[in-house]
Every structure is written in C-alpha cells, then in structure tokens.
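Dear colleague,

Please find below the structure that I am handing over to you, together with its sequence. My notes on what was found in it follow.

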Amino acid sequence: MKIVSTYSHLNGLEFLLVHKSNLWLEVKRVISSINAEKCKTKISKEKTKKGQMLYSPIEMNKLFKQKLSICGWTESRVSYWVTKNDKLIRKTLSMPADLQKREIETAGEKAIASYNQTDFVKNRAAIEVQFGKYSFVAYDLFVKHLAFYVGDKIDVGIEILPTKLLQSQMSSGVAYYEGELYNVVRQGRGVPAVPLIIIGIEP
C-alpha cells in the first residue's frame, strides 16, 4: 500500500520528523510492506456491490497488526476515574489515577473506573489503523489520542485511514481520509488539542 495524503494537525508530523524521524520512517515502511491484493477477499452481499470482490478490513487489520508488532508497537491502556460531578472531573482530569479516585471519594461522590486502550504505542507515539465506521474515527481522534496525550503517555497520535478510492472498494459505511480531514479542519486549528498525523492510504 502507499501513502497518498498526509495532514499534520498541531505540527504532529513536524514533531515526529525533528524528534523521532526513525518512527516516521518505520510507519512508512510498514504501510509500503502491506500487500493490499492479499486483502481483497470479501465478496459483497450489498445490493449496489453484489458479487464484487472487496477489500476486507479484517484482513488489512491483521496485516497491520502483524507488521507493527514485529517492529515493537504494542497495546497500551490509560486508566482513569470518572464521576457525575463535572467540577470534580475538571479538578481531577490531570491527576494520576489513584489520586483521581481518592479525590472523588473524599468529595463524597462515587468513583467509576474507566480506561482508553490503543493497539499500537511505541516511544510516546500511538497509531490507530481504522477501517471501521465513521464513529470509530471520531472516537480515535477526539477521545483516544487525546486521552493518551493528556495522560502524558504520548507526544503524537497517528491515524491511518483509507482514501475515498480505497473506501469505494470496501463495504459501505467505512470512514475515509478526505471526509475525516474535513471534520478535523471544520473544528478549528486547536481541536482536538493533541498533535496528530492523519494518513490516507490506498493500494
């Protein structure tokens, strides 16, 4: 596969090029090593694409996981505590998890354990490979990457998406680079408040 488009949000790409150029080279190598044709295994049952051979998100995810794991990218979790009191959430947001819980319970509220998980983290960078529905990408960009950044686990998040060209050869409802780029730009320069690199790939 190949990278055809890249968007740097809050200088995410510039940060990686200056401080962790080896990671950027590794991401590019992994993408170029993916043989897209091996993933064209799904026979469509949709009315508009019935009988067509489509790219399988499951197969593409498997290949990415295999290649990134070999390079040392591993799953990571950020745990935190939530409550119904918005003032307490604002107060505890930047605290370590154990202090969050203590602060919430000291205030007489119920502390509820929660977490965010991402599949690929290495050297304070996180990758999400997303061939799922639109809502999953929004969650990645506005919740997952941000949670890891606020939790001081990463310096930059990387989102890998199909371009419209690739998405048109997949099942309906899959998010695509051009559409998600529009959604990010529409929010304004500072939202989400985490440096990101959004990558559009195709065969």
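**Two loop residues with positive phi**

Asp152 is located in the loop between α6 (134-150) and β7. The model is a predicted one, and in it the phi angle of Asp152 is near 60 degrees, a positive value in a residue other than glycine. Asp152 has a relative accessible area of 52% and is therefore classed as exposed, the cut-off for that class being over 50%.

Asn11 also has phi near 60 degrees, again a positive value in a residue that is not glycine. Asn11 belongs to the loop between β1 and α1. With a relative accessible area of 43%, Asn11 is partly exposed.

**Overall description**

The secondary structure amounts to eight helices and eight strands. The C-alpha trace spans about 60 × 40 × 35 Å along its principal axes. The protein has 203 residues, of which 41% count as buried. Its exposed surface comes to about 10700 Å², and carbon and sulfur atoms supply 55% of that area.

As to contacts between residues at least 6 apart in sequence, 73% of them join residues at least 24 apart. The charged side chains number 30 positive and 20 negative, and the centres of these two sets lie 4 Å apart.

**The nonpolar cores**

The largest nonpolar core consists of 31 residues. Met1, Phe64, Ile127, Ile160 and Ile199 are the residues with the most contacts inside it. Two or more residues of this core come from each of the helices α1 (12-19), α2 (21-33) and α3 (57-70), and likewise from each of the strands β6 (125-129), β7 (156-162) and β8 (196-202). The element that gives the most is α2, with five residues.

Which residues are in contact with Phe64, if its neighbours within four places in sequence are left aside? They are Met1, Val30, Ile31, Ile34, Phe120, Val129, Phe131, Ile160 and Ile201. Two of these partners, Met1 and Ile160, are themselves listed with Phe64 among the residues that have the most contacts inside the core.

There is also a second, separate core, made of nine residues. Its members include Leu141, Tyr177, Val184 and Leu196.

His9 is part of strand β1 (residues 2-9). Its relative accessibility is 1%, so His9 counts as buried, for which the limit is under 20%. Apart from neighbours within four places in sequence, His9 is in contact with Val184, Gly188, Arg189, Gly190, Val191, Pro192, Val194, Pro195 and Leu196. Val184 and Leu196 are among the members of the second core.

Two of the partners of His9, Val191 and Pro192, are joined by a cis peptide bond with omega at about -5 degrees. Pro192 is found in the loop between α8 (177-187) and β8, and Val191 lies in that loop as well. Val191 counts as partly exposed, at 35% relative accessibility. Residues up to four places away in sequence not being counted, Val191 touches His9, Phe142 and Val184. The C-alpha atoms of Val191 and Gln130 are separated by 20 Å, and these two residues are 61 residues apart along the chain.

**The cysteines**

How many disulfides does a search of the whole structure find? The search finds zero. For Cys39, the nearest cysteine sulfur is that of Cys71, at 17 Å. A disulfide calls for sulfur atoms within 2.5 Å, so a separation of 17 Å leaves Cys39 in no disulfide. Cys71 is likewise in no disulfide, its nearest cysteine sulfur being that of Cys39.

What is the relative accessibility of Cys39, and does it count as buried or exposed? At 1% relative accessibility, Cys39 counts as buried. Cys71 has a relative accessible area of 26% and is partly exposed.

**A further separation**

Ser21 counts as partly exposed, with 38% relative accessibility. Between Ser21 and Thr92 there are 34 Å from C-alpha to C-alpha, and the two are 71 residues apart in sequence.

With kind regards

Conventions
Residues are numbered from 1 along each chain as its sequence is written. This is a predicted model: local features need pLDDT of at least 70, side-chain atom pairs count only at pLDDT 80 or more; totals for chains, interfaces and linings use all residues. Side-chain values use heavy atoms; hydrogens and water are left out. A nonpolar core is a set of buried Ala, Val, Leu, Ile, Met, Phe, Trp, Tyr and Cys residues joined through side-chain atoms within 4.5 Å. Buried means under 20% relative accessible area, exposed over 50%, partly exposed in between (1.4 Å probe, protein chains only). Helices (H or I, at least four residues) and strands (E, at least two) are DSSP runs, numbered from the N terminus. Contact means heavy atoms within 4.5 Å. Accessible areas come from the Shrake-Rupley method with a 1.4 Å probe; for residues, only the protein chains shown count as cover. Lys and Arg count as positive and Asp and Glu as negative; His and the chain ends are not counted. The place of a charge is taken as NZ of Lys, CZ of Arg, CG of Asp or CD of Glu.
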